[in-house]
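Please open the model in your viewer and follow the selections below in order. The tour begins with the aromatic side chains and then turns to the nonpolar core.

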Amino acid sequence: MTIYNVADILTGLFESIMMFSLYGTFSKKRANIPKWGYAIGVIVLAVFVNVSNLLSGYGILNAVGMTLSFFLMSFLFTGNIAVKMIISVMAFLL
């Protein structure tokens with residue numbers, strides 16, 4: 001394992017944490033999901049991002065895959081669908 005592999009893995013983790021922070025700013029957490037559920041969500045999203053980076057490189061398919069992953073995880077939060085879609089695109093652009 002090289003430093004580049006470690007950097008790729010940490011990139012997915014940091015993007016996942018950033019996305020959950022962004023959703024936490026604009027939306028409320030669902031009351032029926034425990035805190036450990038959100039921790040699992042961060043890990044699952046990090047895996048989604050890393051798999052997307054691995055399979056499609058850093059092209060347009062990666063952008064679509066990551067945006068869809070962000071949108072799927074947005075359902076852990078309450079809010080309007082349009083706001084969730086905008087935040088998903090914003091999270092990718094950041």
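Select the aromatic side chains of this predicted model: the structure holds four aromatic pairs. Begin with Tyr23 and Phe77, whose ring centres are 5.6 Å apart; their planes meet at 20 degrees, so the pair is stacked. Tyr23 belongs to helix H1, whereas Phe77 lies in the loop between H3 and H4, so this pair ties together parts that are 54 residues apart in sequence. Both Tyr23 and Phe77 are buried.

Next, select Phe71 and Phe75. These rings form an edge-to-face pair, at 5.2 Å centre to centre and with 80 degrees between the planes.

Then show Lys29, the charged end of which sits over the ring of Tyr38, 5.0 Å from the ring centre.

Now turn to the nonpolar core. The largest one has 15 residues, and those with the most contacts inside it are Met19, Phe20, Leu45, Phe70, Met73, Leu76 and Phe77. Which helices each supply at least two residues of this core? They are H1 (3-26), H2 (35-56), H3 (60-73) and H4 (81-93).

Finally, centre the view on Met73. Leaving aside neighbours within four places in sequence, Met73 is in contact with Met19, Phe20, Gly41, Val44, Leu45 and Phe48.

Note on methods
Residues are numbered from 1 along each chain as its sequence is written. This is a predicted model: local features need pLDDT of at least 70, side-chain atom pairs count only at pLDDT 80 or more; totals for chains, interfaces and linings use all residues. Side-chain values use heavy atoms; hydrogens and water are left out. A nonpolar core is a set of buried Ala, Val, Leu, Ile, Met, Phe, Trp, Tyr and Cys residues joined through side-chain atoms within 4.5 Å. Buried means under 20% relative accessible area, exposed over 50%, partly exposed in between (1.4 Å probe, protein chains only). Helices (H or I, at least four residues) and strands (E, at least two) are DSSP runs, numbered from the N terminus. Contact means heavy atoms within 4.5 Å. Rings of Phe, Tyr and Trp (its six-membered ring) pair if their centres lie within 6.5 Å; planes under 30 degrees apart count as stacked, over 60 as edge-to-face and the rest as tilted. A charge sits over a ring if NZ of Lys or CZ of Arg is within 6 Å of the ring centre and within 35 degrees of the ring normal.
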